[in-house]
Structures are given as C-alpha cells and as structure tokens.
Amino acid sequence: MSPRWPPPTRVCGRDANGDGWGEGGRSARGPGRFRAPPRRTPGRGGMGGGPTADKGAVRAAGTGGPRWQRSMASMADPSPAAGAARDSHPGLAEVATAYQRFEPGAYLRNNYAPPRGDLSVADGVGPWKLRCLAQTFATGEVSGHTLIDIGSGPTVYQLLSACAHFEDITMTDFLEVNRQELGLWLREEPGAFDWSGYSRHVCLIEDKGESWQEKERQLRARVKRVLPIDVHQPQPLGAGSLAPLPADALVSTFCLEAVSPDLASFQRALDHITTLLRPGGHLLLIGALEESWYLAGGARLAVVPLCEEEVREALVCSGYKVRDLRTYTMPAYLRTGVDDVKGIFFAWAQKKVGV
C-alpha cells in the first residue's frame, strides 16, 4: 500500500489547474496513489465494465417475481463508454481490478459479526451508526416517496429506519456479487446474512412497539429494485434508469471513499450522485475517517483517507447545506486488523435549491 498523497487544492470539485479532472464519464486521476498503466478489466457491476445481469434475478424474473427482481433482469449490456473511460484513467482501472476479488461473506464477517457487530455494547460502532440514522429519520424532515441507496454493498442495516419513511426504495451496487447477496436476503433464501440482530436493535431504539419481523417485512416490501451503479459516471445509474428520478433522498454508506483513488475522484463521485437528488432533498452519508485500506477476503482494497473537514468541504462544494456532521472514534478493541480505520463520520446534508 503506497502512502497517501497530499490532496490537491480544490475549488469545489476542480483541481488547482482548473481542468475539472477531465471529461468522458469517469473522473480523471489526479496525483493519487495509483500509477499502473491503463488496462481493460471485466467489471462485474456498474463500475469498470458497465452493468451485468444478475443471473439469479433473471431466473426469478421469468417466474413473475417481485418488481425488484424483474428490474435486475432488465439490465443493459456492458457499456463501451465505461471501458474507454476506465482506460483513460488508470487510477479507476486499479480500483475496478481490485474489486474483482471482493468477497461479500468475508466483508460481512469482518464488519457486521462480533466484535464490530456486537450491538449489546453501547459505545460500539454498530449502535452508533444505527442511532445516527434513527435519530435523523425521527425528526420527520427526511421523508418522501423515493429513496436511492448508493453503493449498498451486501448490507441492508442502513435502510432499517428509512423504510418507514419512503415507499419506493432503490438499492444499488457496482458489483454483481453484492447484488446477489442482497437478493438472498430480499428473497429470504438460505445462506442470506442474518440481519435480525440489527432489526431488533433498530426497533428497540425507535421504540414504536414494532417487532423486528414487521420491520424486515416492511423493508423487503419497499425495496422495489436492485440496480447496478457507477458513481464515476455522470449518469451513475445509466441512461434510461429504472429508478424514479430525481429521488427525494439518498443514503450512502462506506461507498464513495472506498471506490475513489484520490480526493478529487471522491468529490466528482459526490457531484455525480447529487444529480440523482431533487433540489431540497436530503443525503445521509456514512463513511470512514483516515482509512487507507480494508480487507474483504482475498481483496485488499484502497480507500482515500478523509478527515472531518474534507467531508464537510466536499458536501458544500457539491451544493449541500450540512445539517449535521458527527464523528466516532474507533476504540482499540474494534481495531481488529481488517482495516486501518481511525473513525467513522455521519453526515446529514440537504441539497440547495438551484443546484
């Protein structure tokens, strides 16, 4: 792992030279950590090689399954434009290559099983994230009809409080293997990760008298589609997206910093997803602070290290009013060797009208 380069001087998403980091869909590479020559990689999801159909969802679609299954069956063919853009920006090509080794099961064990997944410890990272989300939705300000979860990964906990406030939820991920993992849980199939502990904890902190089974049924009913996404494209969901746009709200957890080779790419990705949100809509963003790598099975994946002020600045530059920004310091007992994360941030931001 090479050390972090100093971030470039930015003027709201542009580098110090004012060239905007290039055109053509994917953010151009600034002075980031990746210096490999351009290569072609067989991207599995949205990033790197364009959308690839989830075979399990195709089978389900033929039997008249739920709408989210049918949506997954109608993905477009891989995009030549995405491949060409990847070749132009080798930092992003490196990211796409590294993620071919991502193992959802290992990632879930590392982060959502004990010790990090122990929700009985009040100062644990899991309870902190769930409280941030539940308290924000409890204000009643973050509500509407449509919500898009940006880069869902193989997790659903981030939507357990949201599902009471939005009737149409779109989940997304760049990797087919993560979309398959989500499908297992949505279809209640054997082998799906057990999120019941998280569902119980959310019901406990929301204190509405709802059972965890009711909570999970509501979330499954309101997820209408699972789609591929590439946050480094100006149209992250592609042309003619099946998701209703613009959305009333966005949620994104541990995504943008984990797929961006440098701070400029992170800013551009944030700009891209902001186009999916209506003016006045809300973004809830959770991510890592001062992390440079993490493990997911055989994959050792680079992360652009962020500090709290860089997160705040990026949100302002993308046209948001920051409503809340909280941080959590990872205690020593949760530093388990699966990453070098120092802390977590939670941001609630509202898109300004006219942006």
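The count of aromatic pairs in this predicted model comes to 14. One of them joins Phe102 and Tyr107, with ring centres 5.5 Å apart and planes at 45 degrees, a tilted arrangement.

**Aromatic pairs and burial**
- Phe102 has a relative accessible area of 7%, so this residue is buried.

**Aromatic cluster**
- Phe102, Tyr107, Trp195 and Tyr198 are among the members of one aromatic cluster.
- The cluster also includes Tyr99, Tyr112, Tyr157, Phe174, Phe193 and Tyr294.

**Charges over rings**
- Arg220 places its charged end over the ring of Trp185, at 3.8 Å from the ring centre.
- The ring of Trp293 has the charged end of Arg300 over it, 4.1 Å from the centre.

**Confidence of the model**
- The average pLDDT of the protein chain is 82, and 74% of the residues reach at least 70.
- Residues 1-46 have a pLDDT below 50, and in the model this stretch makes 137 contacts beyond near neighbours in sequence.
- The pLDDT is also below 50 over residues 48-81, a stretch with 74 contacts beyond near neighbours in sequence.

Definitions and conventions:
Residues numbered from 1 in each chain as written. Predicted model: local features only at pLDDT ≥ 70, side-chain atom pairs only at ≥ 80, totals over all residues. Heavy atoms only, no water. Phe/Tyr/Trp six-rings, centres within 6.5 Å; stacked < 30°, edge-to-face > 60°. Buried < 20%, exposed > 50% of the residue type's maximum accessible area, 1.4 Å probe, protein only. Lys NZ or Arg CZ within 6 Å of the ring centre and 35° of its normal. pLDDT = per-residue confidence, 0-100. Contact = heavy atoms within 4.5 Å.
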